[in-house]
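Please follow the account below with the structure open beside it.

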Amino acid sequence: MIATSTRPLLQVKDLCVDYLTDRGPVRAVDRVSLEVNKGEFLGIVGESGCGKSTLLFAIARLLSAPAEISSGEVWFTGHDMVSMDEDELRHLRWRDYSVVMQSAMNALNPVMTIAEQLADAVGAHQRMPPSQLRARSKELMRLVGIDPEHLHSYPHQLSGGMRQRAMIAMALALTPDLVIMDEPTSALDVVAQRSLMLKIKQLQREFGFATIFVTHDMSLVSHFSDRLAVMYAGQVVEIGPTRDVFAAPKHPYTVGLMRSFPSISGPRQPLAGIAGSPPDLGHPPSGCRFHPRCPQVFERCSKEEPDFYTREQDLVRCFLFDR
Amino acid sequence: MTVADLPLRPREDARELLRTVDLTKHFRLGGFLSSRYLHGVDGINLSIHEDEIVALVGESGSGKSTIARLIAGVYKPTAGDVLHRGQSVKGLRSRREVLEYRGRVPMVFQDPYGSLSPVYQVSHGIMRALKLHRPDLSRRGRQDEAERLLEAVGLVPARDFLSKYPYQLSGGQRQRIGFAQALACRPELILADEPVSMLDVSVRIGVLNLMATLRRRERISFLYITHDIASARYVADRLVVMYAGHVAESGPVEDVLAHPKHPYTQLLLSAVPDPRAPISLPEKTEVQEPPRVINPGEGCRFRARCPYAIEECSRVTPLLRLLRPEHEAACHVATSDMDDRHEVAKPAHI
């Protein structure tokens, strides 16, 4: 059960997640496979409803009814995550992997100080004498760039950026190997967002943890992630080194996304975005899920479902690359 | 969308549509007897011309939405005034006058999910606006106009969309309905408060393009409120950067982006994630945040975060100075690029 050094830290194979509704199961995550290596920063981008948060929750085993993993495997440091029970998971949580949620305001307990919450989380997973805990808490706050005085603050006394930093401090408390982040910056202003991203990257360099970072803002991760996965309608449609995906996007959806956000540099040019809107996952389109919106659609796209095709270091789920 | 829909310089003879004069709004914090006031906006002088898209950019809490609400008459100003074609909005007394003004200057809201009533068909909001603001139209005329409006915002076939309910529409389509409702009043200026921030990335640009098209085809001006400078650059002619209730800098979009004068604008621009920019990861991370402006004293509100702050910054509130053609910034330290007949040399160079 012990992982060898050549194996990736996290391996997800053909993972499917269904939401069980009155009208039958809705597949929110469909056969997603990906790997995260030690110390790697994997970005996952996609629009709302593409299944990116559901995927994270499945990996962290935080899904609750009506969502459930219906098939597939998740291997983390040699452990089979899918078959683990809550007791076994508790040994891994916080110590081996931790999760930073999108909304710190909702994730933090409003009636406990930051120090109490840190102690609560750490104490549940590792015995530590109070003096050591206090020292560790102060150290963590300094690491994420908050004055340790704020340990005695309640969440509402902190700004949005500071709350997210406090969340990250908690996530790093037991030096995990993997930190899973679900849009931690989406509620922040650009300046605070940039500063938090730089902080995450700096901490990552220092402690060597791997990160899965989910966002709807492709440009946000452009300078931070090592590899990038693009999700559409529950599926990964393209995955590759971040630089390659930005320099030469291959899947028509990725190409469309790249043409969807204006830039503050370069010539001002008209952009078209992507026509139509993402499909209802209860009734996904036949064949390739992107075909109704795809500018390069051809006959085969509506009949068969594309598999992954390799182009350079990228994997692309599109028939254009079946050559 | 064609290149012709992209921003164009306003016509030379474009007249001023709306002006705010030292517009100020303070909110009392706490109870009735409290003397703590949150300064939402202080002394804002802003003008919007015909055929012009002005982008109001700033972080949350900088007062940009407060300005829109003051202009729309949702809030009463603590001091200052709003002039619509030279006439004070304060002078509007009768219901007819107020209705007339609100029709000329309607608002489009941020949340397309919360701003449409789920129990009414799309036609409801548009028809109500038409009945209220266009009494000249017959029943038949209203129907035709409603269809024309939906076509104008890109919802075709219009007849089908009129009978839909909001739940049947995507976020982008709902926001287009918001614009159609605003159009129904025959507006001169639409106050668009973060109209795309809640939309998916792939449909945002469509709504921005719609604003550009409406400006060109329907001759409507926009006050586009956003925290996203890149989108402001995409549609707007002029950029107004807000910080803590003050205007920090304003000018033609391209000029402000190419020659940001205020240290805050420089900070903001350096923080925008831009995949097209070369990779550079500065080691320094800025951790400070904008202040909540409660009973502020004199002085520049950015000084605590400003790398160039001098002694004067904590004593004297900087006023907007013209530093480049049509481009002004409120900073004691920023240098002027105008011919320096009356400009004194400033200590730090920005």
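The C-alpha centres of domain 1 of chain B and domain 2 of chain B lie 25 Å apart, the domain bounds being those of an automatic or database domain assignment. In that division of chain B, domain 1 covers 14–106 + 187–276 and domain 2 covers 119–185. This is a predicted model, in which local features need pLDDT of at least 70 and side-chain atom pairs count only at pLDDT 80 or more, while totals for chains, interfaces and linings use all residues. Residues are numbered from 1 along each chain as its sequence is written, and chains are lettered from A and ligands numbered from 1 in the order in which they are written.

The contact between the two domains of chain B takes 14 residues from domain 1 and 13 residues from domain 2, where two residues are in contact if their C-beta atoms, placed from the backbone, lie within 7 Å. On the side of domain 1 of chain B that touches domain 2, helix H2 (95–104) and helix H7 (201–218) of chain B are the elements that give two or more residues; helices (H or I, at least four residues) and strands (E, at least two) are DSSP runs, numbered from the N terminus. H7(B) provides the largest share of that side, 5 residues.

Between the chains, the contact takes 37 residues from chain B and 36 residues from chain A. Each of H7, helix H8 (229–235) and H10 of chain B supplies at least two residues of the side of chain B that touches chain A, and the largest share of that side, 6 residues, comes from H7(B). The residues on this side of chain B divide into 21 nonpolar, 8 polar and 8 charged.

One helix pair spans the two chains: helix H7 (residues 190–207) of chain A and helix H10 (residues 263–271) of chain B pack at an angle of about 50 degrees, with their axes 8 Å apart. Axes here are lines fitted to C-alpha atoms, for helices over the stretch in contact, and angles run from 0 to 180 degrees between N-to-C directions. H7(A) is therefore oblique to H10(B), since angles under 35 degrees count as roughly parallel, over 145 as roughly antiparallel, 65 to 115 as roughly perpendicular and the rest as oblique. A:Val190, A:Val191 and A:Arg194 of H7(A) make the contact with B:Leu267, B:Leu268 and B:Ala271 of H10(B), and these residues divide into 5 nonpolar, no polar and 1 charged.

Chain A also holds an open sheet of 8 strands with mixed pairing, in the order S6-S7-S8-S3-S9-S10-S12-S11, two strands being paired if DSSP finds at least two bridges between them. Its edge strands, each pairing on one side only, are strand S6 (97–100) and strand S11 (309–311) of chain A. From one strand to the next the twist averages 20 degrees. S6(A) and strand S7 (residues 178–182) of chain A pair in the parallel sense over 4 bridges, and the bridge partner of A:Val100 in S7(A) is A:Met181. Helix H6 (residues 160–172) of chain A packs on the sheet, touching S6 and S7 of chain A, and its direction makes about 170 degrees with that of S6(A).

Methods. Ala, Val, Leu, Ile, Met, Phe, Trp, Tyr, Cys and Pro count as nonpolar, Asp, Glu, Lys and Arg as charged, and the others, Gly among them, as polar.
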